[in-house]
Amino acid sequence: MEKFSDISKYKGDFMKPMLLDFSATWCGPCRMQKPILEELEKKYGDKVEFKVVDVDENQEMASKYGIHAVPTLIIQKDGAEVKRFMGVTQGSVLASELDKIL
């Protein structure tokens, strides 16, 4: 998954759903979430953009999105938030939400 720090500089396809993973390197649950997201990234290929946002390196972006706990996952479609998950979230739950907007 690609690290992400500034959505205003994003040059990708905003028509494509995006999953933002707000996490931190020191966060145990974030490390548990990572392989789940990597599997989803393989499954969805180029249908969904997967981005990692390190909250320690990107405090302004974390604040903009109202991130108070990690991991927090945000699914966006057309640049707008569709769904938010806090804590480790199972791949099946995330896949179900992604399938709804594809």
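Mentor: We will go through the disulfide and its surroundings. This is a predicted model: local features need pLDDT of at least 70, side-chain atom pairs count only at pLDDT 80 or more, and totals for chains, interfaces and linings use all residues. Residues are numbered from 1 along each chain as its sequence is written, and side-chain values use heavy atoms, with hydrogens and water left out.

Trainee: Which residues does a disulfide join?

Mentor: A disulfide is a pair of cysteine sulfur atoms within 2.5 Å. Here Cys27 is joined to Cys30, with S to S at 2.4 Å. The structure holds one disulfide. The link of Cys27 and Cys30 is right-handed, with 80 degrees about the S-S bond.

Trainee: Where does Cys27 lie?

Mentor: Helices (H or I, at least four residues) and strands (E, at least two) are DSSP runs, numbered from the N terminus. Cys27 sits in the loop between β2 (18-23) and α1 (28-44). Cys30 is found in helix α1.

Trainee: Is Cys27 buried or exposed?

Mentor: Buried means under 20% relative accessible area, exposed over 50%, partly exposed in between (1.4 Å probe, protein chains only). Cys27 has a relative accessible area of 3%, so Cys27 is buried. Cys30 has 6%, so Cys30 is buried.

Trainee: What does Cys30 touch?

Mentor: Contact means heavy atoms within 4.5 Å. Not counting residues up to four places away in sequence, Cys30 touches Ser23, Ala24, Val70 and Pro71. On that count, Cys27 touches Val70 and Pro71.

Trainee: What does UniProt list for Cys27 and Cys30?

Mentor: An unreviewed UniProt entry lists Cys27 and Cys30 for "active site". UniProt positions are given in the numbering used here, feature names are shortened, and annotations may be inferred rather than shown by experiment.
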